[in-house]
Amino acid sequence: TAVPQLVWLSEHKAGVFGVASAMLAISGVLLWRARRLPCPSDPSLARACARLRATSVALWWAAAVCMLVGATFAFILPVLA
């Protein structure tokens, strides 16, 4: 009763996971397309650019794993129980 939005999220979990999956897929495509874009020629800026790209990819994979774990608990495990 303290957070009534949780009921709405539970009732519409397929839509929520669908939209989140679509956004994750779009961001993955954009990361993939940007992987070979040039970084600045300044060495310190180039290192920062490479570090930011690696961090972005790592965060994307973390989000994808969280999405898979959430989908497992929301859709697969209730069917098995």
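In which hand, left or right, does H2 pass H3 in their crossing? The legends below, which describe close-up views of a predicted model, begin with this pair of helices.

**View 1. Helices H2 and H3 cross in a left-handed manner.** Helix H2, made up of residues 13-34, and helix H3, made up of residues 43-80, have axes that come within 11 Å of one another and cross at roughly 155°. Because angles over 145 degrees count as roughly antiparallel, H2 is described as roughly antiparallel to H3.

**View 2. Residues of H2 meet residues of H3.** On the side of H2, the residues that take part are Lys-13, Ala-14, Phe-17, Ala-20, Ser-21, Leu-24, Ser-27, Gly-28, Leu-31 and Ala-34. On the side of H3, their partners include Arg-53, Ser-56, Val-57, Trp-60, Ala-63 and Ala-64, and also Met-67, Gly-70, Ala-71, Ala-74 and Phe-75.

**View 3. A disulfide joins Cys-39 to Cys-49.** The count of disulfides in the model comes to one, and in this link the distance from S to S is 2.1 Å. In general terms, a disulfide is a covalent bond between the sulfur atoms of two cysteines. The link of Cys-39 and Cys-49 is left-handed, with -65° about the S-S bond. The pair links distant parts of the chain, ten residues apart, since Cys-39 lies in the loop between H2 and H3 whereas Cys-49 belongs to helix H3.

**View 4. Cysteines are shown with their accessibility.** Cys-39 has a relative accessible area of 30% and is therefore partly exposed, while Cys-49, with a relative accessible area of 16%, is buried. Cys-66 has a relative accessibility of 57%, so this residue counts as exposed.

**View 5. Ala-64 is a buried residue of helix H3.** The relative accessible area of Ala-64 is 12%, and because buried means under 20%, Ala-64 is classed as buried. Ala-64 and Arg-33 are separated by 31 residues in sequence and, from C-alpha to C-alpha, by 18 Å in space.

**View 6. Ala-71 lies in helix H3 and touches Phe-17 and Ile-76.** Ala-71 and Leu-6 stand 65 residues apart in sequence, and the distance between them in space, taken from C-alpha to C-alpha, is 16 Å.

Technical notes:
Residues are numbered from 1 along each chain as its sequence is written. This is a predicted model: local features need pLDDT of at least 70, side-chain atom pairs count only at pLDDT 80 or more; totals for chains, interfaces and linings use all residues. Side-chain values use heavy atoms; hydrogens and water are left out. Axes are lines fitted to C-alpha atoms, for helices over the stretch in contact, and angles run from 0 to 180 degrees between N-to-C directions. Helices (H or I, at least four residues) and strands (E, at least two) are DSSP runs, numbered from the N terminus. Angles under 35 degrees count as roughly parallel, over 145 as roughly antiparallel, 65 to 115 as roughly perpendicular and the rest as oblique. A crossing is left-handed if the near helix is turned anticlockwise from the far one by less than a right angle, and right-handed if clockwise. Contact means heavy atoms within 4.5 Å. A disulfide is a pair of cysteine sulfur atoms within 2.5 Å. Buried means under 20% relative accessible area, exposed over 50%, partly exposed in between (1.4 Å probe, protein chains only). Lists of a residue's contacts leave out its neighbours within four places in sequence.
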